[in-house]
Amino acid sequence: MSLFETCLTTHGAEDTTELLRCVSDGTEAARDSLISGVDTFYLIYAGALVFFMQVGFAMLCAGSIREKNVKNVLLWNLLDSAGGAFGFWSFGYAFAYGGDDSTKGPTFIGNSGFFLSNDVDLEFWFFQFAFACALSSIVAGTIAERCKMTAYLCYSIFLCGFVYPVCAHSFWSQNGFLSAFAKDPLWGTGAVDLAGSGPVHMCGGVAALVMALVLGPRKGRFYDSDGLPLEEPQAMGPHNVTLQFLGTFGLWFGWYGFNPGSTLKISTASLGDVASLVAVNTTLGAAAGALSGLFTSTIIDERKTGVYQWDTTAAMNGCLTGLVGITAGCATVEPWAAFVIGIVAGWTYLGASALILRFKIDDAVDAIPVHLFGGAWGVIAAGLFSNERRLATAEYSTDNLGWFYEWGRGSGNFRLMGIQLVAILFVFGWTTCIFTPFCFALKFMNWLRIDPLEEEVGMDISRHKGPAYESEGSANAEAIMEFSASRRNLMDNSNSGRSSKGKSFKRDKPEEDSDNQKPVDETKPNDQPVEAAEDKA
């Protein structure tokens, strides 16, 4: 039955006043319901795009490492979603947004809604969960090929359940001390960061840096077998550039949910304009970052070697750093500024990548330069390029503008830029102070780093029932034999009743049998003396 028929049945045709009021109220209610449904669908769809970034992270990480650890890092990315979902459902969302009250002042952390026990906007929870998982995956590539599964699962839950929610609360909660939408925002404006250059990317980048420092580099990356420094870092990957490019495109695609979706609603013309600007700026930031990283690295290589070489890694990571850099100010800067931000982001990546190598920090996928340094640049860029018209459209305060625009109107007002710097210091300080003891606790309990022999063999063979590919070219055959012998001894000891809990696979000599026979060397012919085999060769 139509609305008019329902009202006609209720009020009759004689009482026209009540009939018209019924039709008017019903129409308004239907419109509000439609608006709510459109906004809900928009946020769920944007959250799905953000969650698709997990595919991008997985492919990028898998392609960037050696083939002997592919299964391991793919499982890690799955655990980011599984462990992250548990952490964010149980505690994370409550710490980030629980108990929001616009009438109250700033709070450090949320305090209600644990396990979604309160009345929560489920579509908003889903969108924020996807953000938490994206942050957790940032660390996966940095610590690949040398971290234990136990440590990874613990860190994923801890990061999504506690570390990130405090950052999110500070930036985006109505009671966050950095929030631009608080009742009394910091210095009258609050931090400008629409989609998370600071609370997401920089937080993940700092966590990756801390874990890389505590965990240490991969064997042979910066030092030889005697512990002496190498003249040049040993290259370790990528083993599959196709997966790297697939992951990069997957992340770029997912960013169209990450940034435009952060408007949270789409049901008005104004919100549509903001989301459209965000999509354009996201595109330009990524494009400029890729071009900047590629051409700058080519020019540098030509000056050093005299040969033009096009570095695919510089192009891909320059693109990703451009995306990270534009994330904070994507709604408050003009398109030309987004392109400039992307260009500087490409340079930021190249400089930061060289810097961490100089300090012998092992980052398998260069996540630290992309997310930590790119995120910091994004927060700064929003404090430089945000203009009055875009701030007003995105519903930010216009009392303080980007520093360049303040100079343009004859003022040296540094207030917004100062807020952005405070935001950077907070994210770096909070994540470092809370994540460093956590990592050292894992190290103390021997939960952090895998056994050296397992690292040489590869996690796929040692912990995941075989290699990811039929031909495992990056694993050392001698190390595999040694590992197999150690595992056989471990299984024999277990079968004979001796406890083997917690035993690692160390480089022990294989035990001789009861007849004092030496172990058979499977790499040499077993039906003739070694000398005879060498003579025939």
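1. How do the residues of the lining of the largest cavity divide into nonpolar, polar and charged? They divide into 9 nonpolar, 4 polar and 1 charged. Here Ala, Val, Leu, Ile, Met, Phe, Trp, Tyr, Cys and Pro count as nonpolar, Asp, Glu, Lys and Arg as charged, and the others, Gly among them, as polar.

2. On provenance: this is a predicted model, in which local features need pLDDT of at least 70 and side-chain atom pairs count only at pLDDT 80 or more, while totals for chains, interfaces and linings use all residues. Residues are numbered from 1 along each chain as its sequence is written, and side-chain values use heavy atoms, with hydrogens and water left out.

3. The search of the whole structure returns 2 cavities of 30 Å³ or more. A cavity is a set of points, on a 1 Å grid over the protein atoms alone, where a 1.4 Å probe fits but cannot get out; lining residues have an atom within 4 Å of a point. Grid points are joined across faces, edges and corners, and a volume is the space filled by probe spheres set on the points.

4. The largest cavity holds about 90 Å³ of space. It has 14 lining residues, and those closest to its centre are Phe57, Leu60, Val365, Ala367 and His371. At least two lining residues come from each of helix 2 (16–64), helix 4 (122–142), helix 9 (312–327) and helix 11 (367–385). Helices are DSSP runs (H or I, at least four residues), numbered from the N terminus.

5. The second largest cavity has a volume of about 30 Å³. Its lining consists of Phe171, Trp172, Ala180, Phe181, Ala191, Asp193 and Tyr396. By class this gives 6 nonpolar, no polar and 1 charged residues.

6. Asp363 sits in the loop between helix 10 (335–358) and helix 11. Asp363 is buried but has no salt bridge, and the nearest side chain of opposite charge, Arg146, is 6.9 Å away. Buried means under 20% relative accessible area, exposed over 50%, and partly exposed in between (1.4 Å probe, protein chains only). For charge, Lys and Arg count as positive and Asp and Glu as negative; His and the chain ends are not counted.

7. What does the side chain of Asp363 reach at 2.6 Å? It reaches the backbone nitrogen of Ile368. The side chains of Asp363 and Thr142 are also joined by a polar contact of 3.0 Å. A polar contact is a pair of N or O atoms within 3.5 Å; within protein, one must be able to donate a hydrogen and the other to accept it, and residues adjacent in sequence count only if both atoms are side-chain atoms.

8. Val370, in helix 11, is buried at 2% relative accessible area. Its C-alpha atom is separated by 9.1 Å from that of Met202, 168 residues apart along the chain.

9. The count of salt bridges is 14, a salt bridge being a side-chain nitrogen of Lys or Arg within 4 Å of a carboxyl oxygen of Asp or Glu. Glu18 and Arg21 form one at 2.7 Å, N to O; both lie in helix 2, 3 residues apart, about one turn of the helix. Glu18 is partly exposed at 30%, as is Arg21 at 41%.

10. Glu145 and Arg218 form a salt bridge with the closest N and O atoms 2.4 Å apart. Glu145 is in the loop between helix 4 and helix 5 (149–172) and Arg218 in the loop between helix 6 (197–215) and helix 7 (241–258), so the pair ties together parts 73 residues apart in sequence. Both Glu145 and Arg218 are buried. A network of salt bridges links Arg66, Glu145, Arg146, Arg218, Arg221 and Asp362.

Terms used
On a 1 Å grid over the protein atoms alone, a cavity is a set of points where a 1.4 Å probe fits but cannot get out, and a pocket is an open set with protein on both sides within 12 Å along at least five of seven lines; lining residues have an atom within 4 Å of a point.
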